[in-house]
Amino acid sequence: TKSLRDTLKEIIPAKQEQLKKLKAEHGDTVVGEVKVENIIGGMRGLKAMLWEASVLDPVEGIRFHGLSIPDCQKVLPAAPGGKEIIPESMLWLLLTGQVPSAEQTLALSQELAAKGALPKFVEDLVDSFPRTLHPMTQLGMGVAALNHDSAFQAAYERGMKKPEYWVHTLEDCIDLIARLPALAARIYRNVYAPGTPLAPVDGSLDLVGNYANMLGYGENHSLTEYLRLYIALHGDHEGGNASAHAAHLVGSTLADPYLSYSAALFALAGPLHGLANQEVLRWQMAMQAELGADITEEKIEAYLWKTLKSGQVVPGYGHGVLRNPDPRFIALQEFCDGKPELKASPIIQLVNQTFKVAPGVLKAHGKTKNPYPNVDATSGCVLYHYGLTEFKYYTVIFGVSRALGALTQLVWARALGLPLERPKSMSMDALSKFIADS
Ligand code: AMX
């Protein structure tokens with residue numbers, strides 16, 4: 001059976017050829033127009049980036065190399081003894097566009113476990129942080145420090161040739177993904193249970209099996225399965241979202257994958273992006289506390305209006321691109337539906353009741369272009385049900401996941417020789433002058 005590296009070696013030349021042809025034959029084909037509203041509106045909707053692994057359709061949601069989430073759930077291998085997709089099989093798909101066999105997935109799990117331990121100086125660095133430092137700040141700093149061992153940086157200093165770039169980038173990406181669980185679990189231990197023992201990486205476990213074990217939840221098979229699905233599903237959401245784009249931009253300077261991904265993590269730490277699942281839980285719990293035991297749809301509706309009238313957004317609803325309920329939200333809801341204890345959980349029931357009411361209220365409110373839930377409307381609430389109640393930590397789990405897609409793109413950016421990103425900016429005066437002159 002073919003290894004990941006051999007598979008990539010085999011498919012890269014055809015992709016390079018495809019890009020060369022696109023550039024030579026269609027370099028001046030017009031794809032769209034740039035309006036003033038795009039320039040002042042966060043470049044929303046502008047088609048201006050190359051991203052290989054996934055494409056987001058506003059109605060259907062994300063597709064990974066053409067496969068929808070339900071397709072992936074059918075074909076991507078699970079962990080031994082599990083049913084849910086795992087990050088290893090998703091990573092293989094993202095990198096190669098091919099569905100790995102169970103054997104290939106297992107080999108990748110074993111490689112990641114073998115490379116999963118942190119260097120001592122990173123352990124010491126993370127242990128030196130105050131407990132009060134936000135877990136996302138700790139994660140970003142830990143990831144940046146891992147560049148001490150960057151194969152790409154070392155080879156660049158030696159003077160490697162361009163065709164070699166992707167090879168060393170891939171090694172860094174694999175090493176980084178392998179080390180994320182130990183780093184993220186160490187942060188969890190230090191912040192929430194200082195002084196307690198931390199399990200070492202176990203060579204016989206998959207990536208998330210190890211992560212759950214190091215978090216202290218190794219015995220909880222149901223939570224481990226949830227985390228496998230959650231981390232696989234959050235792996236990539238095409239290129240323009242803030243975290244993926246940040247990694248791409250920084251990577252385009254030929255900064256190594258560790259520095260590039262730490263930039264992504266700091267973008268993910270914003271409340272409009274990865275912090276939203278923490279905000280959703282806070283908001284749903286405040287709703288629960290205010291509405292008491294007998295929660296009706298009428299009461300939820302009134303609470304939604306109260307949130308909107310106080311000038312706040314409804315967290316977990318709306319999206320920069322999607323115009324339908326997020327299929328990742330649906331997949332997580334289905335996971336809950338299949339488990340009686342989750343179905344009976346008050347917080348999950350509240351998420352479901354809110355889903356029945358919120359789209360109508362947001363439509364009537366009339367501002368958001370997408371009145372439907374995004375994945376964050378439920379993801380943190382499920383963690384809460386399982387007893388993982390430390391809100392501030394939720395984005396770290398998202399950060400372990402997003403590495404799959406952002407790092408895949410770095411490998412492809414190096415294999416395809418993509419250039420430094422450098423869009424043209426304009427001042428308001430320059431825009432006004434352009435408008436007056438045209
Ligand atoms: N509740 C209330 N108002 C909302 C809203 C919501 N959930 N979503 C959007 N709006 C408002 C916007 O604030 C904006 O108002 P303005 O004109 O007064 O500034 C207007 O609707 C138009 O916004 P939009 O074009 O529909 O959305 P966007 O692309 O600018 O922003 C997002 C997208 C996700 C930031 C926004 O929907 C939002 O703030 N949602 C709540 C936070 C959230 O769930 N974030 C998670 C996103 C997914 C992720 O990255 N994890």
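Biologist: What makes the radius of gyration of this protein agree with that of a compact globule?

Modeller: The model is a predicted one. For 438 residues, a compact globule would have a radius of gyration near 22 Å, and the protein has 22 Å, so the two agree. Along the principal axes, the C-alpha atoms fill a box of roughly 65 × 65 × 45 Å. The protein contains 21 helices and 2 strands, and buried residues make up 45% of its 438 residues. Among contacts with a separation of 6 or more, 76% join residues 24 or more positions apart.

Biologist: Why is Gly405 called buried?

Modeller: A residue is buried if 20 or more other C-beta atoms lie within 10 Å of its own. Gly405 has 30 C-beta neighbours inside 10 Å, and therefore counts as buried. Gly405 belongs to helix α20. Setting aside residues up to four places away in sequence, Gly405 touches Ala53, Ser54, Leu94, Gly235, Asp236 and Ala244. Gly405 and Ala244 are 161 residues apart along the chain, yet 7.5 Å separates their C-alpha atoms.

Biologist: How do you know that Cys336 is buried?

Modeller: The cut-off is 20 or more other C-beta atoms within 10 Å. Cys336 has 21 C-beta neighbours inside 10 Å, so Cys336 counts as buried. This residue is in helix α16 (residues 327-337). Apart from neighbours within four places in sequence, Cys336 is in contact with Leu342, Lys343, Ile348 and Val382. The C-alpha atoms of Cys336 and Val382 are 8.1 Å apart, although 46 residues separate the two along the chain.

Biologist: Why is His65 described as partly exposed?

Modeller: Buried requires 20 or more other C-beta atoms within 10 Å, exposed requires 12 or fewer, and partly exposed covers the counts in between. His65 has 18 other C-beta atoms within 10 Å, so His65 is partly exposed. His65 lies in the loop between β2 (61-64) and α3 (69-75). Its phi is positive, about 45°, although His65 is not a glycine.

Biologist: What makes Leu254 partly exposed?

Modeller: Leu254 has 15 other C-beta atoms within 10 Å, and is therefore partly exposed. Leu254 is placed in the loop between α12 (242-251) and α13 (257-268). Leu254 is not a glycine, but has a positive phi of about 70°.

Biologist: Why is helix α10 said to be largely enclosed by the rest of the structure?

Modeller: In helix α10 (residues 207-215), 9 of the 9 residues are buried, so the helix is largely enclosed by the rest of the structure. Among the buried residues of α10 are Leu207, Gly209, Tyr211 and Leu215. The elements covering them include α4 (87-96), α5 (102-114), α9, α11 and α20. Just after α10, Gly216 takes a positive phi of about 95°.

Biologist: What makes a group of residues a nonpolar core, and which members of the largest one touch the most other members?

Modeller: The largest nonpolar core has 115 residues, of which Leu176, Ile177, Ala184, Tyr211, Tyr261, Ala264 and Leu407 touch the most other members. Helix α9 (residues 165-192) gives the most to this core, with 16 residues. The core draws at least three residues from each of domain 1 (102-270 + 392-415) and domain 2 (276-385). As for Tyr261, its contacts beyond four places in sequence are Val143, Leu176, Ala247, Ala403, Ala406 and Leu407. In soluble globular proteins, nonpolar side chains tend to be buried together.

Biologist: How many residues does each domain give to the contact between domain 1 and domain 2?

Modeller: The C-alpha centres of the two domains lie 29 Å apart. Domain 1 gives 8 residues to the contact and domain 2 gives 10. On the side of domain 1 that touches domain 2, α11 (221-233) and α20 (394-415) each supply at least two residues, and the largest share, 5 residues, comes from α11. By class, that side has 5 nonpolar, 2 polar and 1 charged residues.

Biologist: Which residues come nearest to the ligand?

Modeller: Of the 20 residues around the ligand, Ala276, Val313, Gly318, Thr368 and Lys369 come nearest. The shell divides into 7 nonpolar, 9 polar and 4 charged residues.

Terms used
Residues numbered from 1 in each chain as written. Predicted model: local features only at pLDDT ≥ 70, side-chain atom pairs only at ≥ 80, totals over all residues. Near = placed C-beta within 6 Å. Nonpolar A, V, L, I, M, F, W, Y, C, P; charged D, E, K, R; others polar. Core = buried A, V, L, I, M, F, W, Y, C linked by C-beta atoms within 7 Å. Helix = DSSP H or I, 4+ residues; strand = E, 2+ residues; numbered from the N terminus. Domains from an automatic or database assignment. Contact = placed C-beta atoms within 7 Å. Rg over C-alpha atoms; globule rule 2.2 N^0.38 Å.
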